[in-house]
Amino acid sequence: MNRCRHFFTGLFIVIACLFMLNPQPAMAEGQGGEGQGLNEPGGIFNAAQNFIDTATHYIIGRNVRVRDTAEVRDDNVSGEFQFGEPVQIVAEMGNFYQVKVISNEIIRELPRRFVHKDFVGSWEQVENKMKPTSSYMIELNRMADKIFAISFNINPQGSTPVQKPKTKEEQIQEIRYFQNKIPGIRTYIAGSGMGKETIDKMLEALKLEEELLNIQMKRLDDPMQGEASAGVFEMLYRTLRILNAEYL
């Protein structure tokens with residue numbers, strides 16, 4: 001049983017890390033929104049408000065490269081930042097900031113992470129660069145981040161020391177909290193006024209997130225449910241990658 005847990009923990013780490021990588025050749029240093037809709041009534045999960053107390057800056061470009069060192073080289077790129085992603089500046093080194101990504105400290109807490117200064121700014125700058133669909137994609141991405149974090153909380157052997165392992169009761173409370181957010185987000189997207197095809201695609205991603213939350217609840221009593229969740233994680237990752245390319 002322990003060997004199975006270790007296997008799926010490792011699989012979750014790989015999938016979660018892939019979530020911030022971009023294998024496409026179009027990856028650029030930076031190109032180039034959430035203001036509207038996020039304060040609707042009904043307790044909808046609000047990405048900006050949720051991180052406002054800890055985030056000091058945000059990624060204001062699209063397809064912005066994550067670098068391992070504070071310089072532009074072909075061999076120091078480790079992935080991409082998402083548009084609107086909250087960060088904290090740790091240090092300033094020439095034209096680069098060393099940053100801490102705070103949207104998911106368990107998965108994304110790496111020792112060294114650099115981004116060019118041109119692509120770090122205020123939330124107002126994020127809002128000014130938003131597409132009409134950006135706020136809805138940020139909502140879906142934030143929920144996905146939380147679900148990835150829950151996976152690590154369930155099996156503390158896969159988490160980093162930045163967060164104390166939670167009790168089963170705390171994990172149940174956390175999962176239920178986000179399960180209760182799903183209906184509000186669904187209403188938020190369905191009533192957005194976007195085209196039907198766009199709404200259907202986003203609701204498909206939300207359905208995968210809901211399914212993962214249900215699986216995480218089952219895993220508390222049956223760790224082998226991780227086998228079921230591995231495929232859903234991959235489907236969610238691929239779905240969000242496609243949606244982000246067009247709508248974020």
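Select Y177: this residue is partly exposed, with a relative accessible area of 42%. The model is predicted, so treat every value here as computed from it.

Step along to F178. F178 is buried, at a relative accessible area of 6%. That falls under the 20% cut-off for buried.

Now show both side chains. Aromatic pairs in this model come to 3. In one of them, the ring centres of Y177 and F178 lie 5.0 Å apart. Their planes meet at 85 degrees, so the pair is edge-to-face; the cut-off for that class is over 60 degrees.

Next, select residues 168-179, helix α6. The helix has 12 residues. From first C-alpha to last, α6 reaches 16 Å, close to the 16 Å expected at 1.5 Å a residue.

Colour Q171, E174, I175 and F178 within α6: these residues are buried. They span an arc of only 95 degrees around the axis, which puts them on the same side of α6.

Turn to the face of α6 that points away from this buried side. Exposed residues E169 and Q173 are carried there.

Move to helix α8, residues 196-219, and pick Q216. Is Q216 buried or exposed? Q216 is buried, with a relative accessible area of 0%.

Last stop: R62 and F83. What sits over the ring of F83? The charged end of R62 does, 3.9 Å from the ring centre.

Definitions and conventions. Residues numbered from 1 in each chain as written. Predicted model: local features only at pLDDT ≥ 70, side-chain atom pairs only at ≥ 80, totals over all residues. Heavy atoms only, no water. Phe/Tyr/Trp six-rings, centres within 6.5 Å; stacked < 30°, edge-to-face > 60°. Buried < 20%, exposed > 50% of the residue type's maximum accessible area, 1.4 Å probe, protein only. Lys NZ or Arg CZ within 6 Å of the ring centre and 35° of its normal. Helix = DSSP H or I, 4+ residues; strand = E, 2+ residues; numbered from the N terminus. Expected span 1.5 Å × (residues − 1). Arc of directions from axis to C-beta.
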